[in-house]
Amino acid sequence: MNILVKICTLFVTHFWTFLAAFGMTVRVTVLSLIFATIIGIVVALIRLVGPKPLKAVGNVYISIIRGTPLMVQILFIYFGIPSALHVHLTLFAASVLTMSLNGGAYMAEIIRGGIEAVDKGQMEASRSLGLSYGQTMRLVILPQALRMMLPSIINQFIVTLKDTSLLSAIGLRELTQNTKIIVANNMEALTMYFICGVWYWVVIFILTRVSRLVEKRTQYGR
Amino acid sequence: MADKVINKENKKIVVEHLKKSFGHLEVLKDINCEIDEGEVVVVIGPSGSGKSTFLRCINRLEEITGGHVYVDGTDMADPKTDLNKVRRHIGMVFQHFNLFPHKTVKENVMMAPVELKIMTKEEAAATADRLLARVGMQDKTDAYPSQLSGGQKQRVAIARALAMNPDIMLFDEPTSALDPEMVGEVLEVMKTLASQGMTMVVVTHEMGFAREVGDRLLFMDEGYIIEEGDPVEVLAHPKEERTISFLSKVL
């Protein structure tokens with residue numbers, strides 16, 4: 001029973017710093033996901049219908065992001081880029097930039113996969129009616145692709161949310177970094193990391209539930 | 001749709017030395033034919049003979065490797081041809097229906113005329129109701145394609161193509177993916193369409209339909225039109241050896 005009381009007490013004591021840190025986690029996650037989605041759409045379209053040189057750039061970008069650890073990307077962008085280019089990147093900007101570039105590559109793959117998963121006959125049927133490629137994309141292909149992508153996109157949201165904990169390595173005070181700071185003071189590693197973990201888990205549990213609801217609502221006439 | 005008179009001077013489709021290759025595979029080697037307005041041409045042949053590819057070259061769903069396809073005098077092989085414009089007049093019905101699953105039956109029929117600003121929403125809705133009634137689907141206008149049987153899907157697909165008010169209809173094995181008991185309802189709709197003077201090119205295995213509705217039969221094999229003529233005549237007395245051998249297997 002003692003441990004439960006201790007968890008509750010520490011949770012209440014540190015609730016406000018946790019909430020503030022979680023606010024940071026959410027801000028980085030949401031901003032990164034917005035940029036990642038934009039990057040993803042652009043890169044996916046380039047890889048589908050873009051000119052060859054641009055396609056190659058897209059392929060290299062995805063290959064680099066997928067082929068290197070996120071931690072290395074974080075360190076490279078926060079420490080490497082400013083020292084090489086003599087620009088100042090704030091902690092927050094570097095965090096959002098890294099998570100956007102990282103998420104963007106995965107989103108590009110998800111979006112491309114979704115578009116390619118739509119039956120070829122859909123494009124043909126629409127084009128045979130006299131609709132242009134763009135009209136067909138907008139009215140026929142993307143709505144169907146989006147439905148197929150939705151589970152993967154929400155999964156990517158969850159992955160990005162969890163991955164923001166790696167930003168603690170460069171000192172961004174998000175959920176994990178906040179916990180590390182508290183533990184450094186009170187030495188309650190077990191309890192504090194437990195609270196931190198539960199916090200992530202609850203948020204992701206809710207997201208998963210929402211995603212299931214959304215999936216159900218997009219089953220046309222079934 | 002008003003009745004059309006078959007006019008021999010008025011060539012609707014002219015195909016000259018049409019060639020089509022997929023990589024090294026030459027599917028169409030030298031296709032020549034002329035199709036009159038209001039004519040119903042039935043294309044038969046063994047699988048892999050190129051009949052579907054031939055059909056898909058008419059509205060250039062397949063890039064044309066060589067030769068010419070004139071539709072109402074417009075060369076479909078010409079890169080400058082505005083395909084989107086020409087395709088509005090050429091309806092196409094596919095073996096696997098290809099209805100838009102995220103739209104209702106009525107929305108499927110309305111989409112193209114509204115998006116291309118040929119009709120207002122109200123006009124398109126009225127047209128959709130009329131066409132869906134014509135194919136016997138008036139009770140399912142708000143259903144989604146997944147709720148329909150194969151035969152119903154294909155009838156909706158025909159209505160969708162007709163919504164653009166085409167003067168040519170291409171049918172690519174329209175009954176091949178249907179359960180046997182549903183073939184009749186689709187053929188019935190096509191028969192009505194033919195009797196109203198629609199120019200039709202039909203790739204099919206339905207010899208009964210060819211005999212009853214077709215004005216002309218083309219037998220294709222290995223990228224050539226091997227034999228053509230009156231369907232009743234060709235089916236009863238084929239002249240070419242390959243036609244005889246094919247018909248002996250399917251009849």
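Author: In this predicted model, chain B has nine helices and 10 strands, and its C-alpha atoms fill a box of roughly 55 × 45 × 40 Å along the principal axes. Because a compact globule with 251 residues would have a radius of gyration near 18 Å, the 18 Å found for chain B agrees with that expectation. Of the 251 residues of chain B, 57% count as buried, and among its contacts between residues at least 6 apart in sequence, 65% join residues at least 24 apart.

Turning to the part you asked about, the contact draws 25 residues from chain B and 21 residues from chain A. Between the two chains an area of about 2,000 Å² is buried, with carbon and sulfur atoms giving 58% of it; on the side of chain B, the residues that lose the most area to chain A are Asn84(B), His102(B) and Glu115(B), which together make up 27% of what that side buries.

Glu115(B) also forms a salt bridge with Arg138(A), where the closest N and O atoms are 2.5 Å apart. The count of salt bridges between chain B and chain A is two, while seven residue pairs are in polar contact, both residues being at pLDDT 80 or more. As for the elements involved, α2 (83-87), β6 (90-93), α3 (105-115) and α5 (150-162) of chain B each supply at least two residues of the side that touches chain A, and the largest share, three residues, comes from α3(B). By class, that side of chain B has 13 nonpolar, six polar and six charged residues.

Methods. Residues are numbered from 1 along each chain as its sequence is written. Chains are lettered from A and ligands numbered from 1 in the order in which they are written. This is a predicted model: local features need pLDDT of at least 70, side-chain atom pairs count only at pLDDT 80 or more; totals for chains, interfaces and linings use all residues. Side-chain values use heavy atoms; hydrogens and water are left out. Contact means heavy atoms within 4.5 Å. Buried area is the accessible area (1.4 Å probe) that two parts lose on being put together, summed over both. A salt bridge is a side-chain nitrogen of Lys or Arg within 4 Å of a carboxyl oxygen of Asp or Glu. A polar contact is a pair of N or O atoms within 3.5 Å; within protein, one must be able to donate a hydrogen and the other to accept it, and residues adjacent in sequence count only if both atoms are side-chain atoms. Helices (H or I, at least four residues) and strands (E, at least two) are DSSP runs, numbered from the N terminus. Ala, Val, Leu, Ile, Met, Phe, Trp, Tyr, Cys and Pro count as nonpolar, Asp, Glu, Lys and Arg as charged, and the others, Gly among them, as polar. The radius of gyration is taken over C-alpha atoms; the globule rule is 2.2 Å times the number of residues to the power 0.38. Buried means under 20% relative accessible area, exposed over 50%, partly exposed in between (1.4 Å probe, protein chains only).
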